[in-house]
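Have a look at the structure first, then work through the notes by topic.

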Amino acid sequence: MNEFNEETTIADAALSRPERSQGAQTIRGLLVTREVGVLAALVALCVFFALTSHVFLTSTNILNLLRQISLLGVLSVGATYVLIISEVDLSVGSLYGFAGMVGGLLIVNGVPEIAAIVITLFFGLTIGALNGAITVVGRIPSFITTLGTLYLIRGATLVMSSGMPVSLPHGQGAAPIITYLAQGSLLGGLSNQVLVLIAVAAAGYFLLHKTTFGFHIFAIGGNDRAARIVGVPVARTKIIAFALAGLLAAFAGIINFGFLENVQPVTGMGLELDVIAAVIIGGTRLGGGEGSIPGTLLGVLLIGVVRDGLILLGVTPFWQTTLIGAVVLAASLIGGLTSRK
């Protein structure tokens with residue numbers, strides 16, 4: 001009886017603590033999240049580049065930086081779903097170039113623009129879903145599956161283009177919708193590509209953090225077997241995650257075509273590494289179960305700031321790649337320490 005009274009007294013005392021104590025706990029919890037660490041690193045880098053380059057904080061440079069990272073951001077939003085379920089998609093770079101080539105060839109050969117866009121997005125969705133189906137049904141590691149499709153898609157791009165670039169005819173308005181999305185601007189010079197990223201990120205955030213599907217994504221990444229036992233449709237969810245990554249890769253690819261008004265057979269080569277790096281830097285664990293869309297956007301922005309700042313300082317591209325690799329390693333190390341804590 002005395003024990004019961006003692007426990008009741010402790011519980012009442014805990015409930016009667018001032019709300020500021022709960023607020024302090026919330027703040028302490030936020031301070032150990034990876035997103036806050038990435039944000040702190042981003043702010044530090046911005047301060048450093050602002051002090052070392054008078055161009056960095058100009059509106060022209062900032063707007064250009066945001067446009068440059070937009071398509072990488074779109075790709076990374078899709079990759080976040082795949083990495084949270086403890087899988088990886090190495091084919092997004094090839095699919096990015098393939099989509100631009102397919103859309104370009106369709107438009108150049110007289111297919112109506114809307115139909116060309118729909119067909120291109122369908123290819124992206126289908127290839128992504130096939131990646132997921134092969135991984136799930138064939139029980140093949142997604143690294144192997146998507147490595148194979150990386151080469152298949154790249155080869156298909158080279159075959160259908162005969163190794164030659166495809167360009168929009170200049171001055172004929174062959175693709176007004178795509179070129180407007182890619183080249184247009186609103187709100188005082190803010191590129192439409194940035195607005196596209198904002199829309200994609202908002203939809204991705206809602207789907208991942210506010211829906212049952214998003215709960216299933218985290219459950220599968222946390223423990224595949226436990227998720228299956230409690231009734232989560234593991235196979236279907238994984239296939240949808242890969243399909244979303246493929247859809248967004250195709251979407252980004254056709255916008256890139258509209259911006260450059262041409263596409264090379266090697267477009268997107270190596271881009272998958274930047275995508276994975278951005279998502280990991282943003283706090284998503286390769287082991288699955290952890291990640292967020294805001295964190296991914298911070299990772300994308302961090303990579304963009306590093307590249308932009310180093311270019312302004314006249315650093316060679318070789319060192320840029322080296323430093324980005326160091327950032328990925330540092331983010332992984334910090335993430336591991338944070339997770340253990």
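**H6 against H7**

Ile127, Asn131, Ile134 and Thr135 in H6 meet Ser142, Thr145, Thr146, Thr149 and Ile153 in H7, where contact means heavy atoms within 4.5 Å. Sorted by class, this contact has three nonpolar, six polar and no charged residues. A word on the source: this is a predicted model, where local features need pLDDT of at least 70 and side-chain atom pairs count only at pLDDT 80 or more, while totals for chains, interfaces and linings use all residues. Residues are numbered from 1 along each chain as its sequence is written, and side-chain values use heavy atoms, with hydrogens and water left out.

**More on H6 and H7**

- The axes of H6 (residues 113-137) and H7 (residues 142-161) come within 9 Å and cross at roughly 145 degrees.
- Helices here are DSSP runs (H or I, at least four residues), numbered from the N terminus.
- Axes are lines fitted to C-alpha atoms, for helices over the stretch in contact, with angles running from 0 to 180 degrees between N-to-C directions.
- The H6 and H7 crossing is right-handed; a crossing gets that label if the near helix is turned clockwise from the far one by less than a right angle, and left-handed if anticlockwise.
- For the classes, Ala, Val, Leu, Ile, Met, Phe, Trp, Tyr, Cys and Pro count as nonpolar, Asp, Glu, Lys and Arg as charged, and the others, Gly among them, as polar.

**H12 and its partners**

- H4 (residues 59-84) packs on H12 (residues 234-260) at an angle of about 165 degrees, with the axes 7 Å apart.
- That angle makes H4 roughly antiparallel to H12 (the label for angles over 145 degrees).
- The H4 and H12 crossing is left-handed.
- Residues of H4 in this contact include Arg67, Leu71 and Tyr81, and those of H12 include Phe242, Asn256 and Phe259.
- By class, the H4 and H12 contact has 16 nonpolar, two polar and one charged residues.
- H10 (residues 212-222) also comes up to H12: their axes come within 10 Å and cross at roughly 105 degrees.
- That makes H10 roughly perpendicular to H12 (65 to 115 degrees).
- From H10, Phe213, His216, Ile217 and Ile220 meet H12 residues, among them Val234, Lys238 and Leu244.

- The largest pocket has a volume of about 590 Å³.
- Of its 23 lining residues, the closest to the centre are Gln68, Leu72, Tyr96, Leu271 and Arg307.
- H4 gives the most to this lining, with seven residues.
- The pocket lining has twelve nonpolar, seven polar and four charged residues.
- On a 1 Å grid over the protein atoms alone, a pocket is an open set of points with protein on both sides within 12 Å along at least five of seven lines, and a cavity is a set where a 1.4 Å probe fits but cannot get out; lining residues have an atom within 4 Å of a point.

**Cavity**

- There is one cavity of 30 Å³ or more.
- Ala79, Val82, Leu83, Val88, Asp89 and Ile276 line the largest cavity, and H4 gives the most to that lining, with three residues.
- By class, the cavity lining has five nonpolar, no polar and one charged residues.
- Grid points are joined across faces, edges and corners, and a volume is the space filled by probe spheres set on the points.

Terms used:
Helix = DSSP H or I, 4+ residues; strand = E, 2+ residues; numbered from the N terminus. Parallel < 35°, antiparallel > 145°, perpendicular 65-115°, else oblique.
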